[in-house]
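Subject: Handing over the structure

Dear colleague,

Here is the structure that I promised to pass on to you.

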Amino acid sequence: ENEPGIEELEDDLEDMEIYEEEEDSGNEGDSVIATFQPLRDDSSASFNVHKGPVFVVSIHPSSSLVVTGGQDNTAFVWNLDDQQIVFECTGHKDSVTSASFSYDGKYVCTGDLSGVVQVWLTSDGKCVWNFETSTIEWLLWHKDAHVLFAGTSDGDGWMWKIPSGKFKTFPSTG
């Protein structure tokens, strides 16, 4: 009911400054990089540790913790109140595109494009479980249990009990 209408969104776009820069690699047909700079920054927090684009953000269900994952093959769990890193989720081999907290916030999962899935204790940052499969398309926690679901690019589905790692797989039909 409070969402802006199309007119307000168009006005916001008109208020943005757009800078275009050509990459100078000496090759004809270089790509153009467009950078959008809003005239006003209403953000309540900023976290600038990733060395590239951020692909996923998830908020803890009951505290001020946030997990972010990015193109730099890393995820960070950080505190929204003071923007300090709580712990770094290392060991990924490609961009981290999936990350979320379990229903009670006890665990945080991270998944990357190479198929690495890891689960961390939010209390101390210890990696308690990991698995490797094909490219992770999505990760989702059960709403009432420490059970993690995943879908992969080859169409397979996975279900793991965390932290034991007991699993079921739902293979693709082809």
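Is W160 buried or exposed? With a relative accessibility of 0%, W160 counts as buried, where buried means under 20% relative accessible area, exposed means over 50%, and partly exposed is in between, using a 1.4 Å probe and protein chains only.

Before going further, please keep in mind that this is a predicted model, in which local features need pLDDT of at least 70 and side-chain atom pairs count only at pLDDT 80 or more, while totals for chains, interfaces and linings use all residues. Residues are numbered from 1 along each chain as its sequence is written, and side-chain values use heavy atoms, with hydrogens and water left out.

As for the overall picture, the protein chain has one helix and 14 strands, both taken as DSSP runs numbered from the N terminus (helices are H or I with at least four residues, strands are E with at least two). Of its 174 residues, 35% count as buried.

Leaving aside neighbours within four places in sequence, its contacts (heavy atoms within 4.5 Å) include V117, L139, L148 and F167. W160 is also listed, together with V119, L139, L148 and I162, among the residues with the most contacts inside the largest nonpolar core, which has 14 residues; such a core is a set of buried Ala, Val, Leu, Ile, Met, Phe, Trp, Tyr and Cys residues joined through side-chain atoms within 4.5 Å. The elements that give two or more residues to this core are β8 (107-112), β9 (116-121), β11 (136-141), β12 (147-152) and β13. A second, separate core of twelve residues includes L65, V77, A99 and F101. In soluble globular proteins, nonpolar side chains tend to be buried together.

Turning to the aromatic rings, there are nine aromatic pairs, counted when ring centres of Phe, Tyr and Trp (its six-membered ring) lie within 6.5 Å, with planes under 30 degrees apart called stacked, over 60 edge-to-face and the rest tilted. The ring centres of F131 and W160 are 5.2 Å apart and their planes stand at 55°, so this pair is tilted. Because F131 belongs to strand β10 (residues 127-132) and W160 to strand β13 (residues 157-161), the pair ties together parts that are 29 residues apart in sequence. F131 itself is partly exposed, at 21% relative accessibility. One aromatic cluster is formed by W129, F131, W158, W160 and F167.

The structure also holds two salt bridges, each being a side-chain nitrogen of Lys or Arg within 4 Å of a carboxyl oxygen of Asp or Glu. In one of them E132 pairs with K93, with the closest N and O atoms 3.0 Å apart, and this links distant parts of the chain, since E132 is in strand β10 and K93 is in the loop between β6 (85-89) and β7 (96-101), 39 residues away. E132 is partly exposed at 46%, whereas K93 is exposed at 52%.

Finally, there are zero disulfides, a disulfide being a pair of cysteine sulfur atoms within 2.5 Å. The sulfur of C109 is 9.8 Å from the closest cysteine sulfur, in C89, which is too far for a bond, and the sulfur of C127 is likewise too far from its closest one, also in C89, at 8.2 Å.

With best wishes
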